Amino acid sequence: MSESVRLLCYWLGLAALTVATVNLARVETGSGIAVVVVALAVAKAWLIIDGFMELRHAPPGWRLALLAWPLAMAAGVLLAYMF
Amino acid sequence: MSISGDAQAGQRRAARLPGDLAMWFFILAELAVFGILILAFVWAQALQAPLFRAGRQALDASTGLGLTISLLTSGWCAAGAVIQVRRGKRGGTSLLCLALASACGYVILKLREYAHLASLGLGLEHDTFFTLYWLLTGFHFLHVLLGMLILGALAYRCRAGAYGPGRSSSMESGVLYWHMVDLIWVLLFPVVYLLG
């Protein structure tokens, strides 16, 4: 797959996840929906990190450090949400 | 060199950090700052849930969707520009200009939202929700404006032929800053607009 097609796939994935997130959140909110919305946000962040920022080819330490940020945010957000 | 040696060498070559190392440390620092702000927002929400629920009613999720798509499209164009330049192909400048145009869509939508909220009297001092809303999204908005300046400078230099195969590191660093702005927004958007 060429780099341009790969980038297009990342963008389509990000757009689809964004539309899904907004539509899901319009449903009556509950803790289950919150978990799904946050999980979708993490998935989008990972697509940006690995796809647009090209960290899929980077040294593992840097890649893991960046991939960990959305996870840490998700944990903090869900912890506060369940509080 | 053996075949397995070649493969190992290929893997070593493949492990590459784009852009300048300093930019990555800067990105980590920015992510830490925004992380603290986002967590402050959600924990304040946990303590004042009804107030945050009421405040969020004034925000339009469709506007948030438009803002997100604008930024993601801009990031896509900027990433495409880097690929074109690295390959020594034309089109890098055009893609950077498209990225800038898409970012303008974000700015217009955001300014309209800010004007709408201001007209309703929902300013910085209205309540805790709007104090944190203005601080968090305003700080991000400033980063978007700086990112647009960087994209404009990259487009100018790209047109002047300053970048090409083997000399695209500074362009990669500028574009990485723009992707960081995207990255922060995809976490910030559901927290501010959706989760209540």
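Author: Residues 24 or more positions apart make up 83% of the contacts in chain B that have a separation of 6 or more. The model is a predicted one. Within it, chain B has 7 helices and 0 strands, so that its pattern along the sequence reads α-α-α-α-α-α-α. Its C-alpha atoms fill a box of roughly 65 × 35 × 25 Å along the principal axes, and 41% of the 196 residues of chain B count as buried.

Helix 4 of chain B is mostly covered, with 19 of its 26 residues buried. After the helix comes Gly88(B), which has a positive phi, near 75°.

Thr63(B) is a residue of helix 4 of chain B. Thr63(B) counts as partly exposed because it has 15 C-beta neighbours inside 10 Å, whereas 20 or more would be required for a buried residue and 12 or fewer for an exposed one. When neighbours within four places in sequence are left aside, Thr63(B) is in contact with Leu109(B) and Glu113(B). The C-alpha atom of Thr63(B) is also 9.5 Å from that of Arg112(B), although the two residues are 49 residues apart along the chain.

Helix 4 of chain B also takes part in the largest nonpolar core. Of the 80 residues in that core, those touching the most other members are Ala78(B), Leu96(B), Ala99(B), Leu151(B), Leu187(B) and Val191(B). Two or more residues each come from helix 1, helix 2 and helix 3 of chain A and from helix 2, helix 4, helix 5, helix 6 and helix 7 of chain B. Helix 7 of chain B gives the largest share, 18 residues. Val191(B), for its part, touches Val77(A) as well as Ile38(B), Phe41(B) and Val42(B), not counting residues up to four places away in sequence.

The contact between the chains involves helix 4 of chain B as well. It takes 36 residues from chain B and 37 residues from chain A. On the side of chain B that touches chain A, the elements giving two or more residues are helix 2 (21-47), helix 4 (61-86) and helix 7 (169-194) of chain B. The residues of that side divide into 27 nonpolar, 7 polar and 2 charged.

Technical notes
Residues are numbered from 1 along each chain as its sequence is written. Chains are lettered from A and ligands numbered from 1 in the order in which they are written. This is a predicted model: local features need pLDDT of at least 70, side-chain atom pairs count only at pLDDT 80 or more; totals for chains, interfaces and linings use all residues. Two residues are in contact if their C-beta atoms, placed from the backbone, lie within 7 Å. Helices (H or I, at least four residues) and strands (E, at least two) are DSSP runs, numbered from the N terminus. Ala, Val, Leu, Ile, Met, Phe, Trp, Tyr, Cys and Pro count as nonpolar, Asp, Glu, Lys and Arg as charged, and the others, Gly among them, as polar. A nonpolar core is a set of buried Ala, Val, Leu, Ile, Met, Phe, Trp, Tyr and Cys residues joined through C-beta atoms within 7 Å.
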